[in-house]
Amino acid sequence: MNPIGIYIHAPFCTEKCPYCDFYSMPRAFSDMDAYTKAVIRDLRAYTGNGLQADTLYFGGGTPSLLGAARIGEIIGAVREWFGLSKGEITVEVNPTAQETWLENLFHGFAQAGVNRISVGMQSANEMELRQLGRRHTPRQAGRTVELARAAGISHVSLDIMLAIPGQTPESLMHTLAFCGETKAEHLSAYLLKIEPGTPFDTQRETLRPLLPQEEQVEELYLLAVAELERQGYEQYEISNFARRQNGVLLEGKHNKKYWCAQEYLGIGPSAHSYLFGKRFYSPADLGRFLQGCQTLPDGDGGGREEFAMLRLRLREGLCDSVWQAQFSEPLPRDYVRRAKKFVPAGLVRLCDTEPGFSLTTKGFLLSNALIGEILFGRS
Ligand code: SF4
């Protein structure tokens with residue numbers, strides 16, 4: 001069995017951001033020790049199956065709020081039971097004004113083996129951060145990166161957001177220039193979506209005049225890709241970009257497992273797993289997680305259509321050799337035939353060396369419709 005990825009969902013945040021629909025609780029700090037014990041309890045339940053892991057990802061929520069000691073305890077358990085000696089260990093971090101706290105945190109992380117952080121900076125413009133209800137400044141995001149590097153954490157990823165209310169090409173260029181100056185190895189650029197049930201959903205009408213229209217969103221996305229490529233970042237997935245180091249693309253290895261339909265174990269309330277061919281998840285309920293509730297089934301994983309949909313998020317796309325390795329059969333020629341129709345419009349690129357294709361940057365903008373057409377013959 002190939003090494004799996006392990007995802008730990010930490011459902012703690014200082015405050016709730018008005019656009020966010022991830023499961024997290026503001027001010028539930030008194031539960032952190034019990035949560036850490038429960039994570040280790042659930043990890044232990046998967047020992048004895050011969051599982052080995054080569055990536056560990058702490059997401060949330062704001063997992064850095066757990067502090068270095070609790071994160072270190074969980075890393076220790078994963079190392080003991082699932083290997084991970086030279087694996088990628090990522091923790092998501094939010095910028096903060098508390099520099100001394102961050103400095104100590106990063107030294108503790110480095111000692112515990114964390115080698116990658118993902119910083120939720122979102123924007124380098126004060127106004128946009130206020131619009132998003134974020135409680136940090138651009139300068140604090142820059143200091144977060146500097147302090148992580150000073151502590152010896154070798155890889156930094158920055159999260160930024162596109163289609164923020166009021167965002168313009170000029171303000172986006174400012175954010176991208178800021179990112180470039182940090183020399184981050186990796187960057188994720190997600191489009192803001194107004195999720196049902198969030199405060200932004202309730203304020204939809206007030207926000208509407210500030211939200212970029214569809215053509216403006218396209219412009220912002222294409223601008224981000226072009227500018228990041230100019231800075232040396234390669235787009236390897238719809239929303240993800242990485243630099244090369246000694247010829248190696250510094251992709252997020254953990255998230256890449258999701259798009260390659262590789263198996264992973266998710267621990268924590270709302271965490272999803274794909275393991276032993278099955279998908280399952282924990283209910284989004286911290287109290288029930290602490291009590292040790294059962295995971296819930298979410299169907300089989302790894303089917304042909306699911307694999308194709310996930311792979312088409314990647315710049316590598318789908319080709320015969322990848323399909324052969326996964327399913328021991330050639331890539332369906334109907335997929336290739338239907339994909340070819342989109343080549344003249346610049347939405348699809350054909351593979352030079354074997355039957356296969358991938359979406360272009362313009363194609364990524366229309367990925368849902370294109371994937372529907374290519375896989376199922378419907379637009
Ligand atoms: S966006 Fe991040 S920091 Fe804000 S509430 Fe959601 S998980 Fe917490």
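How far apart do the C-alpha centres of domain 1 and domain 2 lie? In this predicted model, local features need pLDDT of at least 70 and side-chain atom pairs count only at pLDDT 80 or more, whereas totals for chains, interfaces and linings use all residues. Residues are numbered from 1 along each chain as its sequence is written. The C-alpha centres of domain 1 and domain 2 lie 29 Å apart. The protein chain is divided into domain 1 (4-258) and domain 2 (304-376), with bounds that come from an automatic or database domain assignment. To the contact between them, domain 1 contributes nine residues and domain 2 eight residues, two residues being in contact if their C-beta atoms, placed from the backbone, lie within 7 Å. On the side of domain 1 that touches domain 2, two or more residues are given by each of helix 9 (214-230) and strand 9 (234-237), and helix 9 gives the most, with four residues. Helices (H or I, at least four residues) and strands (E, at least two) are here DSSP runs, numbered from the N terminus. This side of domain 1 is made up of six nonpolar residues, one polar residue and two charged residues, where Ala, Val, Leu, Ile, Met, Phe, Trp, Tyr, Cys and Pro count as nonpolar, Asp, Glu, Lys and Arg as charged, and the others, Gly among them, as polar.

Strand 7 (residues 155-162) is mostly covered, six of its eight residues being buried; a residue is buried if 20 or more other C-beta atoms lie within 10 Å of its own, exposed if 12 or fewer, and partly exposed in between, with C-beta atoms placed from the backbone. Strand 7 pairs in the parallel sense with strand 6 (residues 116-122) over six bridges, and Asp 159 in strand 7 stands opposite Gly 120. Six bridges also join strand 7 to strand 8 (residues 186-191), again in parallel, with Ile 160 opposite Ala 189 in strand 8. Two strands pair if DSSP finds at least two bridges between them. Together with helix 6 (residues 169-182), strand 7 and strand 8 make a right-handed β-α-β unit; a crossover is right-handed if, with the strands pointing away from the viewer, the path from the first strand over the helix to the second runs clockwise.

Gly 120 also belongs to the residues that surround the ligand, among them Cys 13, Lys 16, Asn 94, Gly 60 and Gly 61, a residue being near a molecule if its C-beta atom, placed from the backbone, lies within 6 Å of it. The shell around the ligand divides into four nonpolar, six polar and one charged residue. Gly 60 and Gly 61 are joined by a cis peptide bond with an omega of about 25°, and Gly 61 is found in the loop between strand 4 (53-60) and helix 2 (67-82).

Most residues other than glycine have a negative phi, and most peptide bonds are trans. Ala 261, in the loop between helix 10 (253-259) and strand 13 (264-267), has a positive phi of about 55° and counts as partly exposed, with 17 C-beta neighbours inside 10 Å. Ser 328 likewise has a positive phi of about 55°; this residue lies in the loop between helix 13 (320-327) and helix 14 (333-340) and is exposed, with 7 other C-beta atoms within 10 Å.
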